[in-house]
Amino acid sequence: MGFNCGIIGLPNVGKSTLFNALTTSAAAAIANYPFTTIEPNVGRVAVPDRRLGAIAELASSAQAVATRLEFVDIAGLVRGASRGEGLGNRFLAGIREVDAIAHVLRCFLDDDIAHVDGSVDPVRDAEVVETELMLADLESLERRVDVVARKARSGEAGAKVELARLETVADALNQGKPARAIARGGEAAGEDAVPLLTAKPVLYVCNVGEEDAKSGNAMTEAVAERAARENAGAVIVCAKVEAELAELEDADERRQFLDALGVPESGLERVIRAGYALLDLITFFTANANEAHAWTIRRGTPAFEAAGAVHTDFRRGFIAAETVSFEDLVAYGGEHAAREAGRMREHGRDYVVADGDVIQFRFNV
């Protein structure tokens, strides 16, 4: 399944530059003025995973197929977006469709690039966007509260419970707290009744200058502190470096370029790793002579549901999942030897798939 991540932020923070670099495309126009991106642009990228190549080699697979990540470049936001200012309505609609939010914050100084508020302050910028999302959520909640309150007064079963939950999240929003800050049992209060923008997981992407690509700066430290307080993620990326990296086709050249900067991995890899952690995603693999394939699921997914990620028939006719860990597959030099050593095991439908599992699904339709 991969995951679907919306790239948001104020105008001129580097959203579209980052989108183009991450997707190695020129799908989004870039210019030094607001609203360059009018319709959400979508780019799909292969998720780098060094395990996939090793599995393909051990299985003598004809090809290796990576799982995919989808980025959506959403129109820039300004103050008043919740009231439709700028391209506010399109911005909010775009966010409703994604699994997670990558919020790009400008953490570099450049007199040649105007800032919509006249100065660079990433924490303030984060608060501007969060405030607009909370105002939009409050408007949605108020409409739902009116409906549920009428049901509660008429004595409808369950309406009073729902009303209390809606009022809880509304109170939190009025106090400046996003819905994700009052999560209960893995879901934000009220999220089951009303899709809330501030319930979505957030990854702050600190866009820095080339000189700060390795370690960040005082601005990225302030963003990291904010992220820690609200249970969000934060990564440091230099969109300019990523754009230059995207122009290099040779893997060795890309590695040398990163080594020269003292950066251990690309921005794409950092964003993906942080995004997977934020959404609690894992990767499992299937492999045969035709292809080795990586698949993404949420942690805690049972085997029969994981089978459905490969093909609906696998889930419908599920019999068993034969699994071996990536580590055992490599240690024993392949599936046959791992099976001989008793490291390949058969599991039923409720087996919880682990990250790195290499699975053969048995099914009958």
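Start with the open sheet: 6 strands in the order 2-4-1-5-8-9, with mixed pairing. Strands are DSSP runs of E, at least two residues, and helices are runs of H or I, at least four, both numbered from the N terminus; two strands pair if DSSP finds at least two bridges between them. Select strand 2 (41-46) and strand 9 (233-237): these stand at the edges with a single partner strand each, so one side of each has no neighbour in the sheet.

This is a predicted model, in which local features need pLDDT of at least 70 and side-chain atom pairs count only at pLDDT 80 or more, while totals for chains, interfaces and linings use all residues. Residues are numbered from 1 along each chain as its sequence is written, and side-chain values use heavy atoms, leaving out hydrogens and water.

Next, select strand 5 (residues 100-106) and strand 8 (residues 202-207), which pair in the parallel sense over 6 bridges. His 103 stands opposite Tyr 204 in strand 8.

Move to helix 6 (residues 218-229). Colour Met 219, Thr 220, Val 223, Arg 226 and Ala 227, the buried residues of helix 6 (buried means under 20% relative accessible area, exposed over 50%, partly exposed in between, with a 1.4 Å probe and protein chains only). Seen down the helix axis, they fall within an arc of 115°, so they line one face; the arc is that of the directions from the axis to the C-beta atoms. They pack against strand 5, helix 4, strand 8 and strand 9 (contact means heavy atoms within 4.5 Å). On the face turned away, pick the exposed Ala 218, Glu 221, Glu 225, Ala 228 and Arg 229.

Finish just after helix 6, at Asn 231, with a positive phi of about 60°.
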